[in-house]
Amino acid sequence: MSIPDGLLDESAEDLFEIAPCGYLTTAADGSILRVNRAFEELTGRDRAELLGKRFKDLLTPGGRIYHETHYAPLLTMQGSVREIAVDIVRPDGSTVPALLNSVVRRDAAGRPAAVRTTVFDATDRRRYEQELLKARRHEREVALELQRGLLAGALPEGEVIEIGVAYRPADRGLEVGGDWYDAFWLEEGETLALVVGDVVGRGLGAASTMGQLRSALRALASTGFEPGPLLEALSEFSRRHRVGQMATVAYAEIDLRLGSMRYACAGHPPPVIVEPAGAPSFAMEGRSPPLDAHNYWTDRPQASCRLPQEAMVVLYSDGLIERTDRPLQTGMDELLAEIEVLRDAAPSTVASSLAQGTAARRGRRDDICVLTLRLLSRG
């Protein structure tokens, strides 16, 4: 390929002046020694006004603080910095988002002599980031509405039962998780189903998956499956439709006539049983792996226990007991201790107190869901 004569006849000065980004050189104290045309256009100031001015004085107040606390120290320690985001203030008060790349030039003795900086106009990038944040906020709003709609149904009522629920999002509050609960009659006034589950992931996808599993579990429960086979059927649904893999579920059936509970847990924390004459304890039987943890149909165990009048059952998601900075047993012990204090309270009070309590607040990074049921005296 032939190159027209004179096309590459450019001096270093020409390259500096017509560069597609701003260039400036500052002294060790930050005062501007040299700028190019692009930097003049970016800042809205001519060269005479810029020379001698400190670069950080062109920034917003927050940018000046960041320059002093981050940019300058990093430059001193590392000798260079890359893609530092700042806002440059123009004479008319408008701001221009910019990205800085700087390198220290040293003298023969190794002392900092000057700083060379390239400045890129980040207006388009900032606009893209704002659009991305807007889209994420919209997704979160949709997920919130979906989750609220799925969890807003009326709870079962009866003369011999009282139910309470509480749901508390993670402290970060940036996304919606997949924790969910459900309570419904299997036989009106006689047999009641309780469910708490946790879907892997966050956001709209997790909320949608939660809704699918919740609906599938209700449909399977209506066919007469016992707790163990029901969770395996739900696991098969997860495998066949590739939805809710590794989700965890605690499922319990309360027989009000017999005063008993059949239950099973697929990778989920065990229910807590509080009998009137005993200390709170975990129902540790009937345990199996999370949904779709294996690729074939297998038997999942279930268990049963007696539930006398005034007994209470507490189902919850793992956000109530799990922390990254302590053993799981510590969280389980704290949960039993808090429930012991609340043992005579109404189920709604127990649920809300646990969700807001000490164990829930300390180092929590996950959503919390609590479902409680008490069998009342038959008069």
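Mentor: Gladly; let's settle the residue classes first. Ala, Val, Leu, Ile, Met, Phe, Trp, Tyr, Cys and Pro count as nonpolar, Asp, Glu, Lys and Arg as charged, and the others, Gly among them, as polar. By that scheme the lining of the largest pocket has 12 nonpolar, five polar and four charged residues. This is a predicted model, in which local features need pLDDT of at least 70 and side-chain atom pairs 80 or more, while totals for chains, interfaces and linings use all residues. Residues are numbered from 1 along each chain as its sequence is written, and side-chain values use heavy atoms, leaving out hydrogens and water.

The largest pocket holds about 360 Å³ of space (the space filled by probe spheres set on grid points, which are joined across faces, edges and corners). A pocket is an open set of points on a 1 Å grid over the protein atoms alone, where a 1.4 Å probe fits, with protein on both sides within 12 Å along at least five of seven lines; lining residues have an atom within 4 Å of a point. There are 21 lining residues, and Ala28, Gly30, Ala72, Leu75 and Val115 lie nearest the centre of the pocket. Two or more lining residues come from each of strand 1 (22-27), helix 4 (61-78), strand 4 (95-106) and strand 5 (112-121). Helices (H or I, at least four residues) and strands (E, at least two) are DSSP runs, numbered from the N terminus.

Stepping back, the protein chain has 10 helices and 16 strands. Of its 379 residues, 48% are buried; that means under 20% relative accessible area, with exposed over 50% and partly exposed in between (1.4 Å probe, protein chains only).

Eight of its eight residues are buried, so strand 9 is largely enclosed by the rest of the structure. Thr248, Ala250, Ala252 and Ile254 point one way, while Val249, Tyr251, Glu253 and Asp255 point the other. In a regular strand the side chains alternate between the two faces of the sheet.

Now for its neighbours. Strand 9 pairs with strand 8 (residues 191-202) in the antiparallel sense over eight bridges; pairing requires that DSSP finds at least two bridges between two strands. Valine 249 of strand 9 stands opposite glycine 197. Strand 9 also pairs with strand 10 (residues 260-266), again antiparallel, over seven bridges, and cysteine 265 in strand 10 is the bridge partner of alanine 250. The hairpin of strand 9 and strand 10 has four residues between the strands, and there glycine 259 takes a positive phi near 65 degrees.

Arginine 242 has phi near 50 degrees, a positive value in a residue other than glycine, and is exposed at 70% relative accessible area. Glutamate 310 also has a positive phi, about 75 degrees, without being a glycine. The loop between strand 14 (303-306) and strand 15 (312-316) holds glutamate 310, which is partly exposed at 30% relative accessibility.

Finally, look at the loop between strand 6 (161-168) and strand 7, where you will find proline 169. Proline 169 is partly exposed at 43%, and its C-alpha atom is separated by 8.5 Å from that of cysteine 369, 200 residues apart along the chain.
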